[in-house]
Amino acid sequence: MVDERFLAHRYKATRLATMVGVVLVFAFFTYALVRTREIRWDLFIVLCGMAAAKVIAMAYYRRMN
């Protein structure tokens, strides 16, 4: 038997960790852009991938609920 509170806390923790990750990647991307005046494509691709995954997940869950 799984406690619903455990699932809710796990969901909130995962959501918070994802947002912290996005903010950190954006901060590193911006720092590299300002400091060296060049775009770090690896950070940009990771940032876009995380944003796309979030939007796709939101659309999927909205459609299924």
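View 1. Arg37 is exposed, with a relative accessible area of 71%; here, buried means under 20%, exposed over 50% and partly exposed in between, using a 1.4 Å probe and protein chains only. This is a predicted model, in which local features need pLDDT of at least 70 and side-chain atom pairs count only at pLDDT 80 or more, while totals for chains, interfaces and linings use all residues. Residues are numbered from 1 along each chain as its sequence is written, and side-chain values use heavy atoms, with hydrogens and water left out. You will find Arg37 in the loop between α1 (4-36) and α2 (41-64). Helices are DSSP runs of H or I with at least four residues, and strands are E runs of at least two, numbered from the N terminus. Arg37 is not a glycine, yet its phi is positive, at about 60°.

**View 2. Arg40 in the loop between α1 and α2.** How exposed is Arg40? With a relative accessible area of 34%, Arg40 is partly exposed. Beyond its neighbours within four places in sequence, Arg40 is in contact with Phe29 and Ala32, where contact means heavy atoms within 4.5 Å. Arg40 and Val25 are 15 residues apart along the chain, and their C-alpha atoms are separated by 11 Å.

**View 3. Helix α1 and its buried residues.** Gly21, Val25, Phe29 and Ala32 in α1 are buried. An α-helix has 3.6 residues a turn, so residues three or four places apart point the same way.

**View 4. Gly21 in helix α1.** Gly21 counts as buried because its relative accessibility is 19%. Between Gly21 and Ala57 there are 17 Å in space, C-alpha to C-alpha, and the two are 36 residues apart in sequence.

**View 5. The packing of α1 against α2.** The two helix axes are 9 Å apart and meet at an angle of about 150°; axes are lines fitted to C-alpha atoms, for helices over the stretch in contact, and angles run from 0 to 180 degrees between N-to-C directions. α1 and α2 are therefore roughly antiparallel, a term for angles over 145 degrees, with under 35 called roughly parallel, 65 to 115 roughly perpendicular and the rest oblique. In α1, the residues meeting α2 include Val22, Phe26 and Phe28, and their partners in α2 include Leu43, Leu47 and Met50. By class, the contact of α1 with α2 has 10 nonpolar, 2 polar and 2 charged residues; Ala, Val, Leu, Ile, Met, Phe, Trp, Tyr, Cys and Pro count as nonpolar, Asp, Glu, Lys and Arg as charged, and the others, Gly among them, as polar.

**View 6. Arg63 in helix α2.** Is Arg63 buried or exposed? Arg63 counts as exposed, at 72% relative accessibility. Arg63 and Arg10 are 53 residues apart in sequence and 22 Å apart in space, C-alpha to C-alpha.
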